[in-house]
Amino acid sequence: MIDNISGLIIPEHVGIIMDGNGRWAKKRALPRSVGHKFGAQNFRKITRYISKTGVKVLTLYAFSTENWKRPIEEVTALMGLFKQNLIDLLTDFRDDDIKVVFIGDRSAFSPKLIELINESEEVAKNRKGMLLNIAMNYGSRDEILRSVKTIAADVRNNKIDPEDITLNDIESHLYTAGLPDPDLIIRTGGEFRLSNFLLYQSAYSEFYSTETLWPDFNEKEFDKAIIEYNQRNRRFGGV
């Protein structure tokens, strides 16, 4: 499939809102948990493919701060899937040299899940390939609030003058500090909204929405997004 996008500009940082697991299951008269299971399997397949295209950073929206509002049985099933996926991640992507980092507030997870998150990052920390950010219990408004609170504490402790605060100060306290902003954000499932995903970082990102539900989002669908991205004229506020 990579031949389809050979010679095209490959975005340095891609963000994906993985939407549509529940609808995928509903279309097949299956429980929502089955949709999440197939979506999790697709996550590894697509991540491996994207790492071979030349993308340097991939950020996947796995679980938002708002997802806790879902039915308890669905949240419980998701936590079980996360646990299994983290166990798999300890060996997955080794040959692909993919570095794994988790962004979001991990304090809400169980001690075992936090232990697996930390172990997954430690095992992959010296890899040199694509950086995979997995956004778990992530919300962009919460992220920005966290940054502002940190800066406010620095002001209170006389570490910085309010007049000297810059955008760099805000960015340095985001989960994505030091990373390039996303060039392209893909949303599966046909919706046209960011759903509290990388709000600050996506100020000038290109947005691509596809009707394809996440479990069906394959290499060909990703290539379509890259082809569309190459047809955009990115002006960043200029002429």
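The model is predicted, so local features need pLDDT of at least 70 and side-chain atom pairs count only at pLDDT 80 or more, while totals for chains, interfaces and linings use all residues. Residues are numbered from 1 along each chain as its sequence is written, and side-chain values use heavy atoms, with hydrogens and water left out.

Begin by selecting M18, N21, Y61, A62 and N67, which lie nearest the centre of the largest pocket among its 34 lining residues. A pocket here is an open set of points on a 1 Å grid over the protein atoms alone, where a 1.4 Å probe fits, with protein on both sides within 12 Å along at least five of seven lines, and lining residues have an atom within 4 Å of a point. Colour α3 next, as this helix (a DSSP run of H or I, at least four residues) gives the largest share of the lining, six residues.

Now move to S51, which is found in helix α2 and, at 18% relative accessibility, counts as buried (under 20% relative accessible area, with exposed meaning over 50%, 1.4 Å probe, protein chains only). Leaving aside neighbours within four places in sequence, S51 is in contact (heavy atoms within 4.5 Å) with D96, I98 and M130.

Finally, select α5, where S140, E143, S147, I151 and A153 are buried. Seen down the axis of α5, these buried residues fall within an arc of 155° (taken from the directions from the helix axis to the C-beta atoms), so they line one face of the helix. On the other side of α5, R141, K149 and R156 are exposed.

Methods:
Helix = DSSP H or I, 4+ residues; strand = E, 2+ residues; numbered from the N terminus.
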